[in-house]
Amino acid sequence: MTSQPRDAPQFYLTSPSACPYLPGKEERKVFTHIVGRRGRELNEILTQGGFRRSQTIAYRPACDSCRACVSVRVLVDEFEPSGNLKRVLKDNADLIGNALPNRPTSEQYSLFRRYVDTRHADGGMADMTVLDYSMMIEDSHVDTRLIEYRRRGIDSGITGKGSGDLIAVCLTDEMSDGLSMVYSFYAPEMQHRSLGTWMILDHIRRAKAMGLPYLYLGYWVEGSKKMGYKARFKPQERLLAQGWARVG
């Protein structure tokens, strides 16, 4: 009788459900668990193959008749912001991010609840409790950080930290070839600042400073307003049937 090693991945397929991006479509996902000694290695291999991480689950679309979800990664060394993106950088020059261990706080959860209740009240995260939030942040077998964004203070140039109220947060995985933005949220009353876009720009800067070639943005879905913004960050690579292909 043969047996698989405990940390060998096993893959599963979900039942069809309504697609959250394209009306009238159904989605299915293939997923596996990222646990054990090979957690980091497995996460990197799967991310490079188009999977996304949620806690200890890695998943990717496996729809029967649709291939609209396309994995995207930005080529950070070649990226140059457009005029509009330069304005976003200027508008948020008073903010600074601080990388911290992936530990949840009540301040984060309060901001998370405001964001979800305002922006995604009918989404899958609407019912998340403080315990659910804590699991989303802490439940990881890979190198994960929280980037907390606050306004620059008098001594930020020395400490590298901001001061005052928490304005935005991003849960980020650090890999050998790049950063992967797992989930981000921000103060909904500051929507005019384009904080989601600005956090991507800040992560491009962070990846470049760390000598990493890519920033992984998850899925771009052509025809979806929710995901269309990811096409703005070029040059980028998209994972097609033949492999990663450059765009822009």
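A nonpolar core is a set of buried Ala, Val, Leu, Ile, Met, Phe, Trp, Tyr and Cys residues joined through side-chain atoms within 4.5 Å, where buried means under 20% relative accessible area, exposed over 50%, and partly exposed in between, with a 1.4 Å probe and protein chains only. The model is predicted, so that local features need pLDDT of at least 70 and side-chain atom pairs count only at pLDDT 80 or more, while totals for chains, interfaces and linings use all residues. Residues are numbered from 1 along each chain as its sequence is written, and side-chain values use heavy atoms, with hydrogens and water left out.

**Exercise 1.** Identify the residues that touch the most other members of the largest nonpolar core, and follow the contacts of phenylalanine 233.

Solution. The largest nonpolar core has 46 residues, among which Phe112, Leu215 and Phe233 touch the most other members. Helix H6 (residues 195–209) gives the most to this core, with 7 residues; helices (H or I, at least four residues) and strands (E, at least two) are DSSP runs, numbered from the N terminus. Setting aside neighbours within four places in sequence, phenylalanine 233 has contacts (heavy atoms within 4.5 Å) with Val74, Phe79, Leu85, Thr197, Ile200, Leu201, Ile204 and Leu217.

**Exercise 2.** Work out the strand order of the open sheet with 4 strands, and state which strands stand at its edges.

Solution. The order is E1-E4-E6-E5, with antiparallel pairing; two strands pair if DSSP finds at least two bridges between them. Strand E1 (12–13) and strand E5 (52–54) stand at the edges, and because each has a single partner strand, one side of each is left without a neighbour in the sheet. Within the sheet, strand E4 (residues 29–33) and strand E6 (residues 57–61) run antiparallel and are joined by 5 bridges, and threonine 32 has alanine 58 in E6 as its bridge partner.

**Exercise 3.** Compare the salt bridge of glutamate 189 and arginine 114 with that of arginine 150 and glutamate 148.

Solution. A salt bridge is a side-chain nitrogen of Lys or Arg within 4 Å of a carboxyl oxygen of Asp or Glu, and the structure holds 16 of them. Glutamate 189 and arginine 114 meet at 2.6 Å, N to O. This pair links distant parts of the chain, 75 residues apart, with glutamate 189 in the loop between strand E11 (178–186) and H6, and arginine 114 in helix H3 (residues 106–119). Arginine 114 counts as partly exposed because its relative accessibility is 35%. For arginine 150 and glutamate 148 the N to O value is 3.0 Å, and both residues are buried.
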